[in-house]
Amino acid sequence: MADTSETVKLLVDPQGTDCADPTYATILQHLARVKSSVEIHMFVWRSDQIGNEVAHALLAAAERGVRFHIKKDMTAIMFERNEMNGKSLFNKAIPWYQSLHHKLIRLGFPNTYVEDDNSSTLGDRLMDHANGKFEWPSDTHTKYFIFDDKTMLTGSINIEDRHRRYFDYMVALESPDLIARFRERQTGAVPIDRERSIEFVTNRRHTDGRDVFEIKPIVLDLISSASESIYVEMAYLGDPDITAALIHAARCGIAVTLFMSRAANIGNDLNYAVMNEIMHKSPTRIVLSETMIHAKLFLFDNRIACFGSANASIFCMQKAVELNLLIQNETAFLSELRDLIARRLATGQEVSDVAELRDYRSWLASLEWLHQKLVSRA
């Protein structure tokens with residue numbers, strides 16, 4: 001298998017642990033020089049500073065004659081309008097019953113409100129632009145950018161300011177061949193090739209109603225086949241099969257490390273319930289981060305990485321359209337990834353006693369799990 005270091009690049013500040021600022025800078029650079037086409041599939045696109053900067057740069061590209069295709073998830077409107085400044089970049093109307101549902105769900109969200117003067121003006125101009133095409137899918141948690149079918153950025157970063165304070169992962173793929181491969185994998189035209197150095201693993205929905213969920217089986221297989229170590233850096237937990245597999249691996253002598261937020265923005269009680277179960281039933285090492293972890297990363301035996309948009313939650317593993325990368329080989333990329341992991345872990349605090357994980361509301365954890373289960377297709 002060929003070395004991937006020439007075609008895949010980790011978007012990270014070399015002086016620290018941040019991936020958001022390098023990602024946003026890279027997006028803006030590509031939008032400034034793109035010549036023919038832009039495709040963006042995004043979950044949250046908030047009308048805040050970075051949301052408007054990206055929109056302005058995309059509008060400028062469209063005015064130069066660049067055609068753009070936006071796939072903007074409707075599900076994420078709940079987060080855009082219930083958190084932070086409460087503003088979506090695209091002021092897309094939703095049915096009254098969905099709006100009521102969002103207001104009810106807001107009662108369970110922490111108060112993160114910030115006031116600003118941003119509006120949906122740029123979003124409206126983009127939606128009306130002659131060079132634009134929009135799709136409004138739901139339950140598509142995927143995040144990627146494609147410029148001129150030559151460069152692809154993908155991972156777990158949404159377009160919103162608060163990701164500058166999160167731990168995430170984004171990569172740039174500089175290869176038209178890889179983008180062609182992504183197109184084939186996105187439609188299911190070709191099967192997964194587990195021998196490839198870089199492969200796309202997808203949860204996808206076909207027009208004939210078939211749902212294909214590839215990510216969970218791949219993750220479970222990689223957990224079961226790990227021989228030495230498993231590192232998990234994850235925003236949200238909840239899928240019981242993945243929980244059970246990690247417990248089993250740790251009890252079989254695999255060095256399992258779980259790096260989680262001390263206080264996640266949502267789903268925190270369910271996270272703690274799962275961490276409590278894992279640590280109670282196995283010798284898993286759990287490290288808590290004061291920085292919000294929005295990453296969705298598995299690293300197996302320090303040589304196989306599986307990461308992207310999919311959390312280890314029921315929603316992501318059993319319902320949502322997702323995109324993960326499977327990257328293997330002892331490459332410069334994986335070496336840099338391991339270095340970044342080490343720097344992030346050094347900022348956390350290891351849990352020494354399972355009692356530290358019991359300060360959560362069990363009733364709310366149950367409701368969060370039930371909500372994931374009820375919306376699941378599995």
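In what order do the 9 strands of the open sheet stand? The order is β10-β9-β17-β16-β15-β11-β12-β13-β18, and the pairing is mixed.

## Basis of the description

This is a predicted model, in which local features need pLDDT of at least 70 and side-chain atom pairs count only at pLDDT 80 or more, while totals for chains, interfaces and linings use all residues. Residues are numbered from 1 along each chain as its sequence is written, and side-chain values use heavy atoms, with hydrogens and water left out.

## Overall form

The protein has 12 helices and 18 strands; helices (H or I, at least four residues) and strands (E, at least two) are DSSP runs, numbered from the N terminus. Along the principal axes, the C-alpha trace spans about 60 × 50 × 45 Å.

Buried residues make up 58% of the 378 residues. The term buried denotes under 20% relative accessible area, with exposed over 50% and partly exposed in between (1.4 Å probe, protein chains only). Among contacts (heavy atoms within 4.5 Å) between residues at least 6 apart in sequence, 76% join residues at least 24 apart.

## The open sheet and its helices

Strands pair if DSSP finds at least two bridges between them. In the open sheet of 9 strands, the edges are held by β10 (211-213) and β18 (349-350); each has a single partner strand, so one side of each is left without a neighbour in the sheet. Strand β11 (residues 229-234) pairs with β15 (residues 296-300) in the antiparallel sense over 5 bridges. Lys296 in β15 is the bridge partner of Met234.

Helix α9 (residues 268-281) packs on this sheet and touches β12 (255-261) and β13 (285-289), with its direction at about 160° to that of β12. Helix α11 (residues 332-345) lies across β11, β12, β13, β15, β16 (304-308) and β17 (322-328), and runs at about 115° to β15. Axes are lines fitted to C-alpha atoms, for helices over the stretch in contact, and angles run from 0 to 180 degrees between N-to-C directions.

## Strand β3

Strand β2 (residues 37-42) and β3 run parallel, joined by 6 bridges. Glu39 stands opposite His69 in β3. Of the 6 residues of β3, 5 are buried.

## Aromatic pairs

The structure holds 15 aromatic pairs. Rings of Phe, Tyr and Trp (its six-membered ring) pair if their centres lie within 6.5 Å; planes under 30 degrees apart count as stacked, over 60 as edge-to-face and the rest as tilted. The ring centres of Phe68 and Phe134 are 6.0 Å apart and the planes stand at 90°, so this pair is edge-to-face. Phe68 belongs to strand β3 (residues 67-72) and Phe134 to strand β4 (residues 132-135), 66 residues apart. Phe68 is buried at a relative accessible area of 3%, and Phe134 is buried at 18%.

Tyr144 and Phe182 form an edge-to-face pair, 5.0 Å centre to centre with 70° between the planes. Tyr144 lies in strand β5 (residues 144-147) and Phe182 in helix α6 (residues 176-187), so the pair ties together parts that are 38 residues apart in sequence. Tyr144 is buried at 0% relative accessibility, and Phe182 is buried at 2%.
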